[in-house]
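Please open the model in a viewer and keep the selection panel at hand. The stops below are arranged as a sequence of selections.

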Amino acid sequence: MHQLIDIHDLTREEIESLFECTDQMKSTPVKFSSALKNNTLVMLFAKPSTRTRLSFETGMTELGGHAIFFEMGESQLGRGEPISDTSKVMSRYEDAIMARLFDHEEIVELAKHATVPVINGLTDFLHPCQALTDLYTLYERDLLDTVAFVGDGNNVAHSLMQACGKLDVSCRVATPPEMEPDETIQNRVRDADVVVTNDPYEAVDGASAVYTDVWVSMGEEEQREEKLAAFEGYQVDRDLMDAARDDAVFMHCLPAHRGEEVSAEVIDGPQSIVFDQAENRMHVQKALLYTLLEE
Ligand code: CP
Ligand code: NVA
């Protein structure tokens, strides 16, 4: 693996070996405390973040390296410097680049001009670090069976569908008709056990995990009223969880909006593993950084 822009570019073996490395990062973190000594990661953000920023920065520190927070609006990028020039300059200083951007084409452009590994920390189209973490979290619990996603068919759902496809995990995605996953993603998982429906109950039937994401993604604030209306009937509540397997877990990438995509009862209840997911972001990304920079 030389970068992580899109799960589509990974093999099943690469994902499995990332999970094995993550097991080691979790069980014997001290063993890796100097693994990336003197390495630097620049973290370019065009959107807000809590988990991605903290987990990458803490992860680099725990590996003996250093992470630099780089806010797009406060840099020359915000004044029109091309992403290609920025990428070339960053590559002269840093050992790796992580970026959270709006348009997916921007990270493709960034990676095209970089001579160091580039990691996608979320675009409007994909969120690969999240999906790898989500499936690792299920793998740890021996629940890699059937994942149901109920919500918006955008970045988080796209990467989850692709990750499930790569690992032969069944995936059921329920979205309102106007928010179905992008055709490109649906075509890529055409041969996998991935089903798209508009019925949340059909999606969760027999699921080992029920997953949702915010209804209004970053950058969509002006569409808020319209989106909330479209999602009526798609909340993950007690009734929907009861339609999944008895031992099903509830998952969410966070941040969450109680009373919108999920009821407080579900996200704060015994089936919820959302904070294990958040914690695992750091372990999986440490394994990713180690794989990209050290191996
Ligand atoms: N799930 C996730 O990426 O969280 P942040 O937006 O807080 O980074
Ligand atoms: N779909 C959400 C994910 C947040 C981690 C967004 O893009 O805002």
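How far apart do the end C-alpha atoms of residues 3–140 lie, and what percentage of the span is helix and what percentage strand? The end C-alpha atoms are 24 Å apart, and the span is 45% helix and 14% strand; helices (H or I, at least four residues) and strands (E, at least two) are DSSP runs, numbered from the N terminus. This is a predicted model, in which local features need pLDDT of at least 70 and side-chain atom pairs count only at pLDDT 80 or more, while totals for chains, interfaces and linings use all residues. Residues are numbered from 1 along each chain as its sequence is written, chains are lettered from A and ligands numbered from 1 in the order in which they are written, and side-chain values use heavy atoms, with hydrogens and water left out.

The UniProt record, an unreviewed entry, annotates residues 3–140 as "domain: Aspartate/ornithine carbamoyltransferase carbamoyl-P binding"; such annotations may be inferred rather than shown by experiment.

**Helix 1**

Select residues 12–27, which form helix 1. Its 16 residues should span 22 Å at 1.5 Å a residue, and the end C-alpha atoms, 23 Å apart, agree with this; the expected span is 1.5 Å times one less than the number of residues. Next, colour I15, L18, F19, C21, T22 and M25, the buried residues of this helix (buried means under 20% relative accessible area, exposed over 50%, with a 1.4 Å probe and protein chains only). Seen down the axis, these buried residues fall within an arc of 170°, so they line one face of helix 1; the arc is that of the directions from the axis to the C-beta atoms. They pack against helix 5 (128–140), helix 6 (155–167) and helix 12 (274–293), contact meaning heavy atoms within 4.5 Å. On the other side of helix 1, E13 and S27 are exposed.

**Ligand 1**

Select ligand 1 and the residues that surround it, among them T50, R51, C253 and R281 (each has a heavy atom within 4 Å). Oxygen atoms of ligand 1 lie 2.7 Å from a polar side-chain atom of S49, 2.8 Å from a side-chain N or O atom of R100 and 2.9 Å from a polar side-chain atom of H127.

**Ligand 2**

Move to ligand 2, whose surroundings include L122, N154, V156 and L254. A nitrogen atom of ligand 2 is 2.6 Å from an N or O atom in the D213 side chain. An oxygen atom of ligand 2 is 2.8 Å from a side-chain N or O atom of N155.

Finish at V156, in helix 6, which counts as buried at 3% relative accessibility. Not counting residues up to four places away in sequence, V156 touches H127, F149, Y211, D213 and C253.

Methods. A polar contact is a pair of N or O atoms within 3.5 Å; within protein, one must be able to donate a hydrogen and the other to accept it, and residues adjacent in sequence count only if both atoms are side-chain atoms.
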